[in-house]
Amino acid sequence: MPTKRRWLHQPVEVEDMMPNHSQKLTIDLLMSILTDLQSVTKALQAENRTVLDVRDLFDEVIKTYPQTKNRLASIIHDNVFEIAVQKILKGSEEELTPDESVKVTGLRHGSSTMEEETGTGEERDADAGLSLAEKALKRRRLVSTTTSKSAFMDLHFIVPTSNMCERLFSEAGYGLNTRRMRTLPSNFETKMFLRTNKTFWGMADINRIVTQEKDDENNDTSS
């Protein structure tokens, strides 16, 4: 006969699971660091984030937590190109080195205006209550705007992170599920194109197109 398995239940007191004073201080410190870094992570996910914004965020993280320098430096794909774009966004394109100028040759334009803001140390001290991401991004927006002419096009269109691509892949996964496996590639491509560019069209455009198609059909029938 199979023997009965005996389960031993050892009582555990709640007090034994509670952290002591030293452990609580360590946990509080780690939570404050994680909260700081989480503000940066959320700021990086914004679709309107620029290369200059990302550099400000990284610089602030490295300044506050120097141990992250090597890790963040390894993320950059082309350091020369990124530095060149940052200088152009700052309106300091006269500081471009020969190598940096070569990297951004294809981005030259007739003439355009670009606004950039810089901050001071006093204003940074006034932001002591802000999160790490807010201090990094608001530093350049606290002074009066200066306008300068540039030989380059507006480089705010350069996407510094892959968030937009990752969101597109995620939406594509939801759009082509097991119930839509027979969707034609052309229809699926059109659907994803319209969804990605949904800010450029609305119901008024759809009504106009439908009305136009009905008018065309009526004209064909009458002729």
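Modeller: The largest pocket has a volume of about 580 Å³. This is a predicted model, in which local features need pLDDT of at least 70, side-chain atom pairs count only at pLDDT 80 or more, and totals for chains, interfaces and linings use all residues. Residues are numbered from 1 along each chain as its sequence is written, and side-chain values use heavy atoms, with hydrogens and water left out.

Biologist: What counts as a pocket or a cavity here?
Modeller: On a 1 Å grid over the protein atoms alone, a cavity is a set of points where a 1.4 Å probe fits but cannot get out, whereas a pocket is an open set with protein on both sides within 12 Å along at least five of seven lines; lining residues have an atom within 4 Å of a point. A volume is the space filled by probe spheres set on the points, which are joined across faces, edges and corners.

Biologist: Which residues lie nearest the centre of the largest pocket?
Modeller: Val54, Phe58, Ile75, Ile76 and Pro160 do, out of a lining of 22 residues. By class, that lining has 15 nonpolar, 4 polar and 3 charged residues. Here Ala, Val, Leu, Ile, Met, Phe, Trp, Tyr, Cys and Pro count as nonpolar, Asp, Glu, Lys and Arg as charged, and the others, Gly among them, as polar.

Biologist: And which helices each supply at least two residues of that lining?
Modeller: Helix 2 (21–44), helix 3 (51–64), helix 4 (69–73) and helix 5 (79–90). Helices (H or I, at least four residues) and strands (E, at least two) are DSSP runs, numbered from the N terminus.

Biologist: How many cavities of 30 Å³ or more are there?
Modeller: The structure holds 1. The largest cavity contains about 40 Å³ of space, and its lining has 5 nonpolar, 2 polar and 2 charged residues. Among them are Leu44, Arg49, Val159, Pro160 and Met164. Pro160 also belongs to the residues nearest the centre of the largest pocket.

Biologist: Turning to helix 2, what span should it have?
Modeller: Its 24 residues should span 34 Å, and the end C-alpha atoms are 35 Å apart, which agrees. The expected span is 1.5 Å times one less than the number of residues. At the start of helix 2, a side-chain oxygen of Asn20 comes within 3.2 Å of the backbone nitrogen of Ser22. Such a polar contact is a pair of N or O atoms within 3.5 Å; within protein, one must be able to donate a hydrogen and the other to accept it, and residues adjacent in sequence count only if both atoms are side-chain atoms.

Biologist: Which residues of helix 2 are buried?
Modeller: Ser39, Val40, Ala43 and Leu44. Buried means under 20% relative accessible area, exposed over 50%, and partly exposed in between (1.4 Å probe, protein chains only). Leu44 also lines the largest cavity.

Biologist: Is helix 3 mostly covered or mostly open?
Modeller: Mostly covered, with 10 of its 14 residues buried. Val54 and Phe58 are among the buried ones. Thr64, also in helix 3, is partly exposed at 35% relative accessible area, and its side chain reaches the backbone oxygen of Glu60 at 2.9 Å.

Biologist: What about the two ends of helix 5?
Modeller: At the start, a side-chain oxygen of Asp78 reaches to within 3.3 Å of the backbone nitrogen of Val80. Gly91 follows the helix and has a positive phi, near 80 degrees. The buried residues of helix 5 include Ala84, Val85 and Ile88.

Biologist: Which residues does Val104 touch?
Modeller: Not counting residues up to four places away in sequence, Val104 touches Phe81, Ala84, Val85, Ile88, Leu96 and Phe152. Val104 lies in the loop between helix 6 (98–103) and strand 1 (108–116) and is buried, with a relative accessible area of 0%.

Biologist: Finally, how many helices and strands does the protein have?
Modeller: There are 11 helices and 2 strands. Buried residues make up 23% of the 223 residues.

Conventions
Contact = heavy atoms within 4.5 Å.
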